[in-house]
Amino acid sequence: MDLVVGRVVKSHGIRGELVVDVRTDNPDLRFARGAVLRGRLPRGGGEREFTVTAAREHSGRLLVSLDGVASRDAADALRGTLFLIDSSLVEPSDDPDEFYDHELEGVPVQLTDGTEVGVVESVLHMPGGELLAVRTPDKREVLIPFVREIVPTVTRELIVIDPPEGLLDPDSADGAQ
C-alpha cells in the first residue's frame, strides 16, 4: 500500500524548485539530499522516480530541488505530483493516539451502544479536517468527522463513534422534497 509523504503545490523561482506540502512526520529523512522519491504524476501521467538534490525550509514551507528539474516550466509540469512510499517502510507509532491512514482502513466502526455502523474504507484529508469514509452493511458510504467529540475511541481493532442526530441517517441529506 502506498503512503503519500508529500504533494507538489507549485513551482518556486526560476531554477526548478518545488513547493511541497509535507505529509510525513519525517521530512528530514524523506526529503534528504540523495533520497529517491517515487512520484505519481497528475492527470494519469504515470509514475517516475526523482532524486532529491536539495531541500530547505522557506517561510514555513518545504522547497525541494530534484535532479533533472532545472527550470520553472519543468517544475510547473510537476504541480500536483504525489510523492509516495510503501507502507511497509513505516514503523507503527508508539503513541496510542496517532495512526497512519492505512492502519485504520478495514477497522470496524460501531456506536457507543455496540450497534455496528460499518468499516473504515479510507481517511480523507479535507481543508476543514479529517473524515472517516465508512462503508455501511447496506453498501452506503458515510462520512464521519474525525474529531474526539464524535469519535471518542480509536484503536487499530475498533472505532467507536457517538454521532450527532442525523449524521448516519441517509434521508437527512435529501432534505424535504
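Visitor: Which strand gives the most to the lining of the largest pocket?
Guide: E1 does, with four residues. Strands are DSSP runs of at least two residues, helices (H or I) of at least four, numbered from the N terminus. A pocket is an open set of points on a 1 Å grid over the protein atoms alone, with protein on both sides within 12 Å along at least five of seven lines; lining residues have an atom within 4 Å of a point. This is a predicted model: local features need pLDDT of at least 70, side-chain atom pairs 80 or more, while totals for chains, interfaces and linings use all residues. Numbering runs from 1 along each chain as its sequence is written, and side-chain values use heavy atoms, without hydrogens and water.

Visitor: What else supplies at least two residues there?
Guide: Besides E1 (2-12), helix H3 (101-104), strand E8 (116-126) and strand E11 (153-154) do.

Visitor: Which residues lie nearest the centre of the largest pocket?
Guide: Phe99, Tyr100, Asp101, Val123 and His125, out of 35 lining residues.

Visitor: And the second largest pocket, what lines that?
Guide: It has 14 lining residues, with Val22, Pro27, Glu57, Arg61 and Leu62 nearest the centre. Strand E2 (17-22), helix H1 (27-30), strand E4 (47-58) and E5 each supply at least two.

Visitor: Switching to Ser65. Where is that?
Guide: Ser65 sits in strand E5, residues 61-66.

Visitor: Buried or exposed?
Guide: Buried, because its relative accessibility is 16%; the cut-off is under 20%, with a 1.4 Å probe and protein chains only.

Visitor: What does Ser65 touch?
Guide: Beyond neighbours within four places in sequence, Ser65 contacts Glu17, Thr51, Val52, Thr53 and Ala54 (heavy atoms within 4.5 Å).

Definitions and conventions
Buried means under 20% relative accessible area, exposed over 50%, partly exposed in between (1.4 Å probe, protein chains only). On a 1 Å grid over the protein atoms alone, a cavity is a set of points where a 1.4 Å probe fits but cannot get out, and a pocket is an open set with protein on both sides within 12 Å along at least five of seven lines; lining residues have an atom within 4 Å of a point.
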